[in-house]
Amino acid sequence: MKPELAVRRLVHGMGYRYRLHRHDLPGRPDLVFPGRQKVIFVHGCFWHQHADSACKIAHSPKSNRAYWLPKLERNVARDAQHEARLAELGWEVLVLWECDVKARTGIVERIREFLEPR
Ligand SMILES: [Zn+2]
């Protein structure tokens, strides 16, 4: 199952309602919680270059690096811009990574903590 779909099912199962990919928000966040002014991105570790040494998916490409590296760097820069812009607009952002979603490591807790901080 694609990580984004897995997160959608999980969040739905936790009883939260959300909208998908609002085009009027920077970066078209994967899940949008309008009443809470919060958004969740589910990032693929390769495309968005997960900067975690424990990540087994976000390896840098071994072939055709002249093509891939600038492209991936642009993705990372764009993500940072989107997050900064969302923050300026008053939205809180949670980024979930593909490898964490697949391993399910603390994902439910992180989502709950994000949506319902104590
Ligand atoms: Zn990862």
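Visitor: What makes you say how far apart in sequence the contacting residues are in this protein?

Guide: Take the contacts between residues at least 6 apart in sequence: 57% of them join residues at least 24 apart. A pair is in contact when the C-beta atoms lie within 7 Å. Keep in mind that this is a predicted model.

Visitor: How do you know whether the radius of gyration agrees with a compact globule?

Guide: For 118 residues, the rule puts a compact globule near 13 Å, and the protein has 15 Å, which agrees. Along the principal axes, the C-alpha atoms fill a box of roughly 45 × 30 × 25 Å. As for burial, 19% of the 118 residues count as buried.

Visitor: Why are β1 and β4 called edge strands?

Guide: First, the sheet: it's open, has four strands in the order β1-β2-β3-β4, and its pairing is mixed. β1 (19–20) and β4 (92–97) each pair on one side only, so they are the edges.

Visitor: How do you know that β3 and β4 pair?

Guide: Two strands pair if there are at least two bridges between them. Strand β3 (residues 38–43) and β4 are joined by six bridges, so they qualify; the two run parallel. Within that pairing, I40 stands opposite L94 in β4. Helix α1 (residues 3–13) packs on the sheet, where it touches β2 (31–33), β3 and β4. The direction of α1 makes about 140° with that of β3.

Visitor: Which residues touch the most other members of the largest nonpolar core?

Guide: That core has 15 residues, and the ones touching the most other members are V7, L31, V39, I40, V42, L96 and V101. At least two core residues come from each of α1, β2, β3 and β4, with β3 giving the largest share, four residues.

Visitor: What is V42 in contact with, leaving aside neighbours within four places in sequence?

Guide: P3, E4, V7, D30, L96 and V101.

Visitor: Why is A54 called exposed?

Guide: Count the other C-beta atoms within 10 Å: A54 has 10. The cut-off for exposed is 12 or fewer, so A54 is exposed. A54 sits in the loop between β3 and α2 (65–88).

Terms used
Residues are numbered from 1 along each chain as its sequence is written. This is a predicted model: local features need pLDDT of at least 70, side-chain atom pairs count only at pLDDT 80 or more; totals for chains, interfaces and linings use all residues. The radius of gyration is taken over C-alpha atoms; the globule rule is 2.2 Å times the number of residues to the power 0.38. A residue is buried if 20 or more other C-beta atoms lie within 10 Å of its own, exposed if 12 or fewer, and partly exposed in between; C-beta atoms are placed from the backbone. Two residues are in contact if their C-beta atoms, placed from the backbone, lie within 7 Å. Axes are lines fitted to C-alpha atoms, for helices over the stretch in contact, and angles run from 0 to 180 degrees between N-to-C directions. A nonpolar core is a set of buried Ala, Val, Leu, Ile, Met, Phe, Trp, Tyr and Cys residues joined through C-beta atoms within 7 Å.
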